[in-house]
Each structure stands twice: as C-alpha cells, then as structure tokens.
Amino acid sequence: MSAHTPTVRAPMPPAGPAAPASAEPSAPGAGPGPHAVSAEALVQSFEEADRQAPADLSGYAPEDWLALGFFWLMAALVFVQFFTRYVLNDSFAWTEELAVYCLIAVVFIGSAMCVRTCRHIQVDILYRYLPKAAGRAMSTAVDVLRTVFFAYATWLCVRYIQLIGDEPMTTIDWNKTHVYWLAALGFLLMTGRSCQVGVQNWRRGYSILENPAAFDPPED
C-alpha cells in the first residue's frame with residue numbers, strides 16, 4: 001500500500017433510533033452477520049488475486065530446483081524416520097544417515113544459488129568511504145579471488161575423492177564418494193556462477209558491494 005493512500009473509514013450510522021449497544025449475538029440459523037463472507041466470494045477473491053499476480057518461475061535456475069529436490073527428499077526421509085521410530089517403534093537407521101547426506105547436498109548446491117543472487121555474507125561498509133575508482137578495483141579483486149577460491153575448493157574435493165577410494169556408508173552398502181561428488185558439484189556450480197557474476201559486475205560497472213541498493217528486490 002502506498003504511503004499516500006487515503007484511509008477509508010466506515011460510514012457513520014444515520015441519526016435516529018439505533019439498536020442497543022449490548023445487543024445479543026444472532027441465534028444459530030438466524031442468517032449471516034454483517035461481516036460474513038460466502039465461500040463463493042472467498043474463492044472468487046483468490047482467483048482474482050491469482051490472475052493479478054501470476055506465478056513467475058523465470059528467476060529460478062537448475063541449481064535451485066536440484067537443491068529443492070534434495071530438500072524434499074530429506075523431508076521425506078525425516079518423516080519416515082519419525083514414523084518408524086514413534087509409530088512402528090522400530091526405527092530405520094539408514095534414514096538418519098541419508099537425511100544428513102541430503103542436507104549436505106542442499107547446503108553445497110544451494111550455495112551456488114546464493115552466489116548467483118549475491119546473497120552470501122559480505123561487508124560493504126568500507127566501500128562507502130573509498131573513492132569510486134578504488135572501490136571498483138577492490139570489488140573486481142573480490143570477484144577474482146572468490147572465483148579462484150571456489151575453483152580451488154572444487155579441485156580439493158576431486159583430489160579428496162581420489163584419495164579415499166571406495167569408502168562405504170555406515171548403514172548402507174553404498175559408496176560414500178557419491179556424497180563427496182555432490183559437494184564437488186556444488187563448488188563447481190559456485191565457480192561457474194562466480195564467473196558469471198564477475199562478468200556481469202564488470203559490464204555493469206559496479207557490484208553489490210559498491211551499490212547494495214541496486215540489488216534490492218522491487219517493492220510492490
């Protein structure tokens with residue numbers, strides 16, 4: 001609602017005899033009250049809201065859907081664990097381990113989403129006091145160092161996977177390297193998104209560190 005939108009007040013009742021202030025509530029079956037809304041009107045209001053604000057999924061990338069899939073898989077595993085423990089009184093031990101691995105996938109793959117949208121923790125107060133040229137140079141250096149770090153972390157994950165070999169999981173006879181490959185995939189996605197963000201910042205002429213207000217979502 002805009003700050004200048006006038007407030008609509010309820011009309012004053014006409015002068016003359018009025019019902020007593022302590023009127024008893026309507027008896028059951030006496031009909032709807034003054035503020036009752038029919039189910040049809042309520043459904044129609046939701047339909048009108050949907051038509052005015054259609055769902056827009058264009059801002060989501062493949063890593064977003066992949067992280068969402070692992071999240072719901074983790075939720076299903078936690079539900080199975082809860083059901084088997086408190087309802088069947090015979091908990092499946094493998095559900096807890098797999099849920100933890102799904103959480104690992106959500107964290108690392110979801111981090112690529114945060115890199116793409118520039119939502120990782122960052123400190124921008126120094127850029128308010130730097131000259132524009134110095135801030136631009138430092139922001140570019142941050143983009144380069146961030147990309148190098150993610151690329152190096154990807155290489156470290158691959159090297160670690162090569163060193164541990166075929167390590168089985170604790171409760172299931174599955175290879176644990178699948179989990180490490182998910183972490184490596186997350187760092188690889190972060191590396192690619194960091195390159196993309198760095199190029200965009202270079203073409204735009206500023207980054208979120210230099211101009212945070214430009215990256216705020218638009219207000220309704």
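**Figure 1. Lining of the second largest pocket in the predicted model.** The lining of the second largest pocket comprises ten nonpolar residues, one polar residue and no charged residue (nonpolar: Ala, Val, Leu, Ile, Met, Phe, Trp, Tyr, Cys and Pro; charged: Asp, Glu, Lys and Arg; polar: the others, Gly among them). Helix H2 (62-86), H3 and H5 each give two or more residues to this lining. Among the lining residues are Phe70, Tyr101, Met169, Trp174 and His178. The volume of the second largest pocket is about 200 Å³. The model is predicted: local features need pLDDT of at least 70, side-chain atom pairs count only at pLDDT 80 or more, and totals for chains, interfaces and linings use all residues. Residues are numbered from 1 along each chain as its sequence is written, and side-chain values use heavy atoms, with hydrogens and water left out.

**Figure 2. The largest pocket and its lining.** This pocket has a volume of about 280 Å³ and is lined by 17 residues. His120, Gln122, Val142, Arg146 and Leu209 lie nearest its centre. H4 (132-164) supplies at least two lining residues, as do H3 (93-116) and H5 (177-204); the largest share, four residues, comes from H4. Eleven nonpolar, four polar and two charged residues make up the lining.

**Figure 3. Contact of H2 with H3.** The two axes come within 8 Å and cross at roughly 160° (angles run from 0 to 180 degrees between N-to-C directions). H2 is therefore roughly antiparallel to H3 (over 145 degrees). The crossing of H2 and H3 is left-handed (the near helix is turned anticlockwise from the far one by less than a right angle). The contact has 19 nonpolar, three polar and five charged residues.

Key. 1 Å grid on protein atoms, 1.4 Å probe; cavity = no way out; pocket = protein on both sides within 12 Å on 5 of 7 lines; lining within 4 Å. Points joined across faces, edges and corners; volume = space filled by probe spheres on them. Parallel < 35°, antiparallel > 145°, perpendicular 65-115°, else oblique.
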